[in-house]
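Hi,

Here's the structure I promised to pass on to you. Open it up next to this email and follow along as you read.

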Amino acid sequence: MLAKRIIPCLDVDDGRVKKGVNFVNLVDVGDPAVIAAEYERQGADELVFLDITATNQKRETMKAVVERVSRQVFMPLTVGGGITSVAQMQELLKAGADKISLNTAAVVNPKLITQGAEKFGRQCIVVAIDVKMDPTTKQYQVFTAGGKHNTGLDALKWAEQAVALGAGELLVTSMDKDGTKSGFDTDLYRKLNERIDVPIIASGGAGSLADFTTVFTAGKVDAALAASVFHYGELSIPAVKQTLHTAGVNVR
Amino acid sequence: MLTIIDYDAGNTYNVQKAFDFLGVKTELTADPEKILASHGLILPGVGAFAPAMQTLQARGLDSVIKQAVAKGTPLLGICLGMQLLFESSSEYGQHAGLALIPGKVIALPAKKGFKIPQMGWNQHELRQSDSVFAYVAQEYTYFVHSFYAQCPNEYLVSQVEYSAPVPAIVRNKNVYGFQFHPEKSGQVGIKLLRTFVEEVVEA
């Protein structure tokens, strides 16, 4: 059977992992290739690199990062952050990325999803959606620009539209849960899963081993992504997988 | 040295990097003379069946590959490269393949709870215990595909369970196929490529 996936996410700024990683056994905790190799050793199923480089001129560094990581680490690599054209996608895929994650650019220019899917196959195109619940209407809303801009779009509808346009996978971050370590937004994922027939990656809120079990069993997601709990060693990937295995969730 | 058949397939560079990591030299080429002189061939591939076959045919590579296989050169097809080894595919119409392994490529059946494409790590069930790849039993490798091969059991080395039993490693004499991506399957994937080099090509 297909295994549920555990995915660490690394923020890369100008070619370096600038914050958040705290493995005592690593010599250079800023080197994406070193961290990627460590996560491969721990049993991560995939890696997501999010380019948080502020200026476009420095974006070239991400290509070099992908190129270097993919020479040493042999697992699926997703790259996102600031990608706005098919040409950029092609360069990153050629450098060694397996999937491209589109967030703000997909909302601004939804055709980009279709163009990418047609050229590279829909399995290459991940649409990342940052979601926040409106406290009065209880509607899930889509935020872009790193969570700064409320698009007013309904997240469940946008998710359906993104899939219809060609997204092969959705990476859905609950902004309400992100950073709280209070568990994933299981309700959101269950609702998404009722409407969506492509894999869903849950993100935001991982704090305990049990949180992972809940998001897979109750949220019905295909993969769970986390950053700080893994980077700071608060939870280890082997411990997460052992917990899932004990709970009857199929993991590698 | 291995020869990677160049027909603009998507995953060529990552396959090449995996062999680089193993210290195995590779050459990416569409030159018939080099392909016929090669000791081991890799047919990579990502994307749809028909355009891939058309590119192979346009470069005259279909007959070159068949000639090389006929004289005993080991060939490994990866992902779409494996699917091309079969007789036919029904992906967007009916298309002929290289027919190096009996069998056909069809869509993964729709079944509740199974998303298409199959994307992720799946566990091998060994079907041929005397294979050089027998250690793949119970191991997980990384799959991304919407179509799969159906072939007689005698060509089946291992399979994984999805909405149908999916042939994962297939073999017909000197022709091998991996439905998964060894270049994305961690240490197991790297080991499988090494085995192909050491136990098949150099044997």
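Let's start with B:H181, which counts as buried because its relative accessibility is 8%, under the 20% cut-off. Keep in mind as you click around that this is a predicted model. You'll find B:H181 in the loop between β14 (175–178) and α6 (186–201) of chain B. Leaving aside residues up to four places away in sequence, B:H181 touches B:N11, B:G45, B:V46, B:I78, B:C79, B:Y142 and B:V144. Its side chain also makes a polar contact of 2.8 Å with the side chain of B:E183.

Why look there? According to UniProt, in an unreviewed entry, B:C79, B:H181 and B:E183 carry the feature "active site". These residues are spread over 105 residues of sequence, yet they cluster in space, with a largest C-alpha distance of 10.7 Å.

Now for B:C79, which sits in the loop between β4 (75–78) and α5 (80–83) of chain B. Is B:C79 buried or exposed? With a relative accessibility of 7%, B:C79 counts as buried. Setting aside residues up to four places away in sequence, its contacts include B:F178, B:F180 and B:H181.

Two of those contacts bring us to the aromatic rings. B:F178 and B:F180 are both buried. Their ring centres are 4.8 Å apart and their planes are at 15 degrees, so this pair is stacked. Both belong to one aromatic cluster, together with B:F133, B:F143, B:Y176 and B:F196.

How many aromatic pairs are there over all chains? The count comes to 10. Another one to look up is B:F114 with B:Y162: the ring centres are 5.0 Å apart and the planes are at 80 degrees, so the pair is edge-to-face. This pair links distant parts of the chain, 48 residues apart: B:F114 is in the loop between β7 (104–107) and β8 (118–123) of chain B, and B:Y162 is in the loop between β12 (156–161) and β13 (165–172) of chain B. B:F114 counts as buried at 17% relative accessibility, and B:Y162 is buried too, at 4%.

Last, have a look at some charges over rings. Within chain A, A:K132 lies over the face of A:F143, at 5.3 Å from the ring centre.

Methods:
Residues numbered from 1 in each chain as written. Chains lettered and ligands numbered in written order. Predicted model: local features only at pLDDT ≥ 70, side-chain atom pairs only at ≥ 80, totals over all residues. Heavy atoms only, no water. Phe/Tyr/Trp six-rings, centres within 6.5 Å; stacked < 30°, edge-to-face > 60°. Helix = DSSP H or I, 4+ residues; strand = E, 2+ residues; numbered from the N terminus. Buried < 20%, exposed > 50% of the residue type's maximum accessible area, 1.4 Å probe, protein only. Lys NZ or Arg CZ within 6 Å of the ring centre and 35° of its normal. UniProt positions renumbered as here; feature names shortened; annotations may be inferred. Contact = heavy atoms within 4.5 Å. Polar contact = N/O pair within 3.5 Å; in protein donor to acceptor, adjacent residues only side chain to side chain.
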